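I opened the model to look up its fold, its pocket and a few individual residues. My notes are kept in the order in which I made them.

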Amino acid sequence: HSMPRLNLRKGKENAIVDTGKVSPRGLMAKGNRSFPATSFATRSGVGAVLRDLHNDGLEERHHATVEIALTEVINNVAEHAFAHQEPGQVQVAYDLYPGRLDLTITDNGAAFPDLALPEGRALDQAIPLEDLPEGGFGWRIIPDLTIAQSYTRVGSVNHLVLRFDLS
């Protein structure tokens, strides 16, 4: 049988801002992708987001950090948020600034327990990011890879924001 086709929808807001008209916050680029919250679609979806970010100016040296964090979050959405229901869509939106990246991941799966982010545990800093296996870390890796995280649930939609230091 044939593999299912992925529908990776690219958002229309993905455009580089004219630097002569940059807001005081210095926004360089915005973009978003939507894809099914399944383990099959995670690799393709995360790859599409990384290509968009690269094309919008994310330096190569930050790719592994963003990829590991985003893959872990999307895998958690697929495994936990949609554990007891049909997989839904996950949307990844980004705001790229000089020195900073904000990723907003939204889905309509189950909420985090107690409507709060789980506690993170330290990652072995002696292992280079490139040598870490993909996935399987749970939430504990996210605080080590980001400088801030926030979670809100609005109606039936989860909103997770991850902030990365790109300096």
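The entries below go from the whole chain to single residues.

**Entry 1: ground rules.** I am working on a predicted model, in which local features need pLDDT of at least 70, side-chain atom pairs count only at pLDDT 80 or more, and totals for chains, interfaces and linings use all residues. Numbering starts from 1 along each chain as its sequence is written, and side-chain values use heavy atoms, with hydrogens and water left out.

**Entry 2: the chain.** I looked up the secondary structure and found three helices and seven strands in the protein chain. Helices (H or I, at least four residues) and strands (E, at least two) are DSSP runs, numbered from the N terminus. Read from the N terminus on, the order is β-β-β-α-α-β-β-α-β-β. Of the 167 residues in the protein chain, 40% are buried. Here buried means under 20% relative accessible area, exposed over 50%, and partly exposed in between, with a 1.4 Å probe and protein chains only. I then checked contacts, meaning heavy atoms within 4.5 Å. Among contacts between residues at least 6 apart in sequence, 65% join residues at least 24 apart.

**Entry 3: the largest pocket.** I asked what volume the largest pocket has. The volume is about 330 Å³. Its lining has 16 residues, and the closest to the pocket centre are Asn-76, Val-77, His-80, Ala-81 and Phe-112. For the record, the search uses a 1 Å grid over the protein atoms alone: a cavity is a set of points where a 1.4 Å probe fits but cannot get out, a pocket is an open set with protein on both sides within 12 Å along at least five of seven lines, and lining residues have an atom within 4 Å of a point. Grid points are joined across faces, edges and corners, and a volume is the space filled by probe spheres set on the points.

Which element gives the most to the lining? Helix 2 does, with five residues. Helix 2 (63-81), strand 5 (100-107) and strand 7 (157-165) each supply at least two residues. By type, the lining divides into twelve nonpolar, three polar and one charged. The classes are Ala, Val, Leu, Ile, Met, Phe, Trp, Tyr, Cys and Pro as nonpolar, Asp, Glu, Lys and Arg as charged, and the others, Gly among them, as polar.

**Entry 4: the aromatic pair.** I searched the whole structure and got one aromatic pair. Phe-112 and Tyr-151 are edge-to-face, at 4.6 Å centre to centre with 80° between the planes. Rings of Phe, Tyr and Trp (its six-membered ring) pair if their centres lie within 6.5 Å, and planes under 30 degrees apart count as stacked, over 60 as edge-to-face and the rest as tilted. The pair links distant parts of the chain, 39 residues apart: Phe-112 is in the loop between strand 5 and helix 3 (142-145), and Tyr-151 is in strand 6 (residues 148-154). Phe-112 is partly exposed at 23% relative accessible area, whereas Tyr-151 is buried at 11%.

Entry 5: I next looked at Asp-95, in strand 4 (residues 89-97). Asp-95 counts as buried because its relative accessible area is 17%. Its side chain joins that of Lys-30 by a polar contact of 2.8 Å. A polar contact is a pair of N or O atoms within 3.5 Å; within protein, one must be able to donate a hydrogen and the other to accept it, and residues adjacent in sequence count only if both atoms are side-chain atoms. Beyond four places in sequence, Asp-95 touches residues including Leu-27, Ala-29 and Asp-102.

Asp-102 is in strand 5 and is buried, at 8% relative accessibility. Its side chain makes a polar contact of 2.7 Å with the side chain of Arg-163.

**Entry 6: Leu-96.** Leu-96 is also found in strand 4, and its relative accessible area of 1% makes it buried.

**Entry 7: positive phi.** Asp-114, not a glycine, has a positive phi of about 60°. Asp-114 sits in the loop between strand 5 and helix 3 and is exposed at 76%. Leu-115 has a positive phi near 55°, lies in the loop between strand 5 and helix 3, and is exposed at 55%.
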